[in-house]
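Me: Could you take a close look at one part of this model for me? I'd like one connected walk-through, cut-offs included.

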2 protein chains.
Amino acid sequence: MSITTTTIAASTTSTLITNIASLVTNDSSLGDGTPIGLIQDAAVVIDGDRIAWVGETRKAPATDNAVDAGGRAAVPGFVDSHSHLVFAGDRTQEFNARMSGRAYSAGGIRTTVAATRAASDAELAANVARYLAEALRQGTTTLETKSGYGLTVQDEARAVRIACDHTDEVTYLGAHIVPPEYADDPAAYVALVTGEMLDACAPYARWIDVFCEQGAFDGDQARAILTAGLARGLQPRVHANQLSYGPGVRLAVELGAASADHCTHLTDADVDALAHGDTVATLLPGAEFSTRADWPDARRLLDAGATVALSTDCNPGSSFTSSVPFCIALAVRDMGMTPDEAIWSATAGGAAALRRQDIGRVTPGTRADLVLLDAPSHVHLAYRPGVPLVSSVWRGGTRMF
Amino acid sequence: MSITTTTIAASTTSTLITNIASLVTNDSSLGDGTPIGLIQDAAVVIDGDRIAWVGETRKAPATDNAVDAGGRAAVPGFVDSHSHLVFAGDRTQEFNARMSGRAYSAGGIRTTVAATRAASDAELAANVARYLAEALRQGTTTLETKSGYGLTVQDEARAVRIACDHTDEVTYLGAHIVPPEYADDPAAYVALVTGEMLDACAPYARWIDVFCEQGAFDGDQARAILTAGLARGLQPRVHANQLSYGPGVRLAVELGAASADHCTHLTDADVDALAHGDTVATLLPGAEFSTRADWPDARRLLDAGATVALSTDCNPGSSFTSSVPFCIALAVRDMGMTPDEAIWSATAGGAAALRRQDIGRVTPGTRADLVLLDAPSHVHLAYRPGVPLVSSVWRGGTRMF
């Protein structure tokens, strides 16, 4: 937990942040000894791109640079492990009609697929950069994003390539839906996704994902797609059990997927599989909020012993929020999470869903991703819903604002 | 709708804002002719502290200064007609315990009363200024606020005096609860509220309010309090029907109150009274969000013909949000409002609840309170929940950021 004062003082890149009213470390060996390892009146030393020291302010070592947090709370940078940012087009009217109870001949995902195919590379890249910057202003320092609105070899490949220019956590989701041109022959589309399209996308992606759902891909198709990805070195994650009960969650656990995402409709067997497997349950309340659907039951998963992550699902159709704080507030209000559980899930939980050890915690050796809040406690993320509380962000040791 | 180009150009204080993707005017004689009077590809001329002209960009007159809105949407500044900002103290642990299902010997409002009485004038003033600034950053250009955490002659008087230094819309709420020292003799407290305390507060307040609820003040007490306020020139508004059915709403309508606030538990007779009276129904979904209560039914009120306002109820106990955009998102998701109805209620509705004609609309002659959004449409306030979309704010013709 500590390094010597001499080491820190000798570095010209070290910064001491003092006067942190409360610090969420997510290291249960620190502070109050709970899973969030809460330290009161805390300080943090950043050395280069890493956390070098955390503890109480009165024990802090001297460094070259000092920042007074002014009694603000600090939390690890949010890890948003599920978003769909490589898209073009606008679905405002579809949302407006849905929420206003008016009929609208919406094409759903297909609308976005058509707009994305028609967009230039520069437009898509600008969109990704814009939403990443927006998320950063709200405290997100790691953001996974996916393809899935191209659905041709060329369009999926450029989606993962563009994503790859902006984040390390890129997911190939050729299996988002069966595109209209394959409506009569979904097997041929699965063959494309597991063949030529996979070949084109694999170099740019870390993950492979499939939307396992009625109307998208069934359990057998999902298994074939994820297995093909695994054979190419891509690690699986699954859109599972969002709209209905189904095989997605159990398939995810069986294949050792890092995450089963949505988990809104779960049988006892699904919960049991998540509790005993190595797959994180990633809950995405923005989707339930924006489609007026029933909430996933985080309490049930936590009580069973499952690992829960909390992410935005940011996409233009079903969940156009990029705000992790908003998702925390919903999780506390409507999903049975305590404020402590929610902050853990949005940071360490997201890191677990990406199988990352270097992020999601503020403890020596981890990447220096830190958020200061205009509030004395992380509890305010739920206590003050909708209020933009993020005051400053460090990412990889660099103060972004 | 227009003034001559010469008039505008001759003024050195006029500013033309062009390239507004869509403008909510709340003037049904403009644009699409709906209650929100939506103009596409709009421009606005601000002259001094007033709106001088609105219309399509291609028809805009020349002015000395020009601002390119960059395709952003514009809406009237939010009118938050219900908040409780003159307070001190912290109730984070009470909130945390409530949402975590843990017992907590919370004193509720009494906790805040004790802290507020103990605070200095400077502390209270700093708190009001802080939350007003926070609200402004989120697009609120008019904000009503109340006393109600002092509950002595001296503490209530300083509360309205401090509020008065920060906003024109000040409400005397000596009748928030019966303070502990009057627990055995509530009639004596009502006598104080309608006597010496009223005398001390009336010079600083425009409004008188009472919490008409089981455990606070009953119908007879509320009538006595509001009637006494009316006799001193204060206009009535009522905390009505929040936690249970009761006489509050009908009393408000009977006395011609500007607003009945909360309106969560309404009988058909209550709805009918609101629909046919001159009292606005002000809904405060932040309170239901933060206490896990049932939502007020905006749809029922709108369908009956009532005027509905939407505000934050910002206070440290039951609704610590200062975000009108958050309340709009909740109203659309959970209260049956369309995005158009919600933006109207948060602007023109709030103005109606304060009996103001000069705010809540963007039409010639009104005060130049204007919000630019990082979005092409006001619908995004619901479509992108939790995302801080407010990009720039003009208040009284001055660009605040």
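Reply: Just after helix 2 of chain B, B:G101 has a positive phi of about 70°; helices here are DSSP runs of H or I with at least four residues, strands are E runs of at least two, and both are numbered from the N terminus. This is a predicted model, so to speak: local features need pLDDT of at least 70, side-chain atom pairs count only at pLDDT 80 or more, and totals for chains, interfaces and linings use all residues. Residues are numbered from 1 along each chain as written, chains are lettered from A and ligands numbered from 1 in written order, and side-chain values use heavy atoms, leaving out hydrogens and water.

Back to helix 2 of chain B, residues 92-100: seven of its nine residues are buried (under 20% relative accessible area, with exposed over 50% and partly exposed in between; 1.4 Å probe, protein chains only). Those seven are B:T92, B:E94, B:F95, B:N96, B:A97, B:M99 and B:S100. Their cover includes helix 13 (324-334), helix 14 (339-353) and helix 15 (380-383) of chain A, plus helix 11 (285-291) of chain B; contact means heavy atoms within 4.5 Å.

That leads to the interface. Each chain gives 44 residues to the contact, and the two bury about 3,600 Å² between them, 57% of it on carbon and sulfur atoms (accessible area lost on being put together, 1.4 Å probe, summed over both). On the chain B side, B:R333, B:Y383 and B:R384 lose the most area, together 23% of what that side buries.
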